[in-house]
Amino acid sequence: MTTIESAEVIVTSPDRNFVTLRLTTDEGLVGLGDATLNGRELAVVSYLRDHVVPLLLGRDPHRIEDTWQFLYRGAYWRRGPVTMAAIAAVDVALWDLKARAAGMPLYQLLGGASRTGLLAYGHASGRDLPELFDSIRDHLDQGYRAIRIQTGVPGLQTIYGVASNARSAEPTGAAGGGRYDYEPAGRGAQPQEEDWDTRAYLRHLPGVFEAVRGEFGPELPLLHDGHHRMTPIEAARLGKALEPYDLFWLEDCTPAENQQGLRLVRQHTTTPLAIGEVFNTVWDYQTLITEQLIDYVRSAVTHTGGITALRKILDFAAQYQIKSGIHGPTDISPVGMAAALHLDLAIHNFGIQEYMKHGAKTDQVFQQSFRWEDGLLHPGDQPGLGVELDVDEAGQYPYVQAYLPYNRLADGTVHDW
Ligand code: EZ4
Ligand code: CO
């Protein structure tokens, strides 16, 4: 029997922090898993190094389902982002290893390709309309066929999703400070404070979409991320106001820990809804899926227990005509992104994939084999995930403390970010 001989947790910060699990078998087979949890990276490092790695050594790497159940049920303490990110890293590394052993790209082991390529959306943003239009054109030139729209709001200084509002002294911009790429984490010892005003946002946003449709026409799929800032009734109002602009989806319109809150939104609007990037198990979706309160599942492979678990969530969602919209910001490493692309290609109920380019240094640390073809993404045909980690290069970039920002209202109250 092949056994896992070593399990290394590799932390690197080329353009931003990434945590990678590398498993090696006694026969020299390797598997990589992404364990990055933005702003809480070292908690997952400790979970893996101190509590999981000792359990992996000597195990049969081919028993993926059994290892998942062992780590999930064996811990006794279930769910939560740290636990599920750690389990995901092991799960993805085992799938990578198995596919490399089979000499096949991972999507073949998941059932083979269900399509020729993957519709992906990029992040356009601007403080005002001219800047936003430039950013949309830039993304169209890069080949994107679907675009997320985030803009500044008059009266607010800094706002989620707008790249040109560089907050940190040393911007960690995804493309090395590139103008349009939004990197939410700021390096430094304290999180950056942003300001928020829901009424100003609700007044401003419909006009932005009207202008974008006026300039770019009716066909281009447009998305928007509300980033958990509205109450259900505010979200309902926004969804209704955006109906004339035919959004592909409105994301995280309200925090969804209380899944029943989405009933209220759904009663009022036909704008498609996407939720789930902060979720980590199928139980976070139970009401949302069975009552068909959402249209897209937003989980990342890396934050939901890996390919084994997300595949099950998406198969469950498929019975309710709900599709995938896998999370893919820069805080998903190239390893986690590759895992998403293989899963996307294989499942039937694929919807869209979020895709942001990583920085140049990141691309040197992680050699990737995915490709763009006619505006569609494809994970490539290398055995496994198709990603190699250059450990020497990774070692050039030690961990740098970084946090996600947080919000305050005008009167100083902390608000959801
Ligand atoms: O803010 O991944 O849809 N994408 C997002 C992201 C999240 C970050 C947090 O780490 O909402 O930009
Ligand atoms: Co989001």
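**View 1. Helix α7 passes helix α8 in a right-handed crossing**. The model is a predicted one, in which local features need pLDDT of at least 70 and side-chain atom pairs count only at pLDDT 80 or more, while totals for chains, interfaces and linings use all residues. Residues are numbered from 1 along each chain as its sequence is written, chains are lettered from A and ligands numbered from 1 in the order in which they are written, and side-chain values use heavy atoms, leaving out hydrogens and water.

Here α7 covers residues 232-242 and α8 residues 261-268, and the two pack at about 25 degrees with their axes 8 Å apart. They are therefore roughly parallel to each other (under 35 degrees; over 145 is roughly antiparallel, 65 to 115 roughly perpendicular, the rest oblique). Axes are lines fitted to C-alpha atoms, for helices over the stretch in contact, and angles run from 0 to 180 degrees between N-to-C directions. Look for Pro232, Ile233, Ala235, Ala236 and Lys240 of α7 meeting Gly261, Leu264, Val265 and His268 of α8 (contact: heavy atoms within 4.5 Å). These residues divide into six nonpolar, two polar and one charged; Ala, Val, Leu, Ile, Met, Phe, Trp, Tyr, Cys and Pro count as nonpolar, Asp, Glu, Lys and Arg as charged, and the others, Gly among them, as polar.

**View 2. Helix α1 also passes α3 in a right-handed crossing**. The axes of α1 and α3 (residues 81-102) come within 10 Å and cross at roughly 50 degrees, so these helices are oblique to each other. On the α1 side, the contact includes Tyr47 and Leu48, and on the α3 side Ala86 and Val90. Its residues divide into 11 nonpolar, one polar and no charged.

**View 3. Three strands form an open, antiparallel sheet in the order β1-β2-β3**. Helices (H or I, at least four residues) and strands (E, at least two) are DSSP runs numbered from the N terminus, and two strands pair if DSSP finds at least two bridges between them. The edges are β1 (4-12) and β3 (30-34). Between β1 and β2 (residues 18-25) there are eight bridges, and Thr12 has Phe18 as its bridge partner in β2. Lying across β1 and β2 is α1 (residues 41-56), at about 175 degrees to β1.

**View 4. Ile275 sits in strand β10 (residues 273-275)**. Ile275 is buried, with a relative accessible area of 2% (buried is under 20%, exposed over 50%, partly exposed in between; 1.4 Å probe, protein chains only). Beyond residues up to four places away in sequence, Ile275 touches Leu262, Tyr285 and Ile294, among others.

Note on methods. Left-handed = near helix turned anticlockwise from the far one by under 90°.
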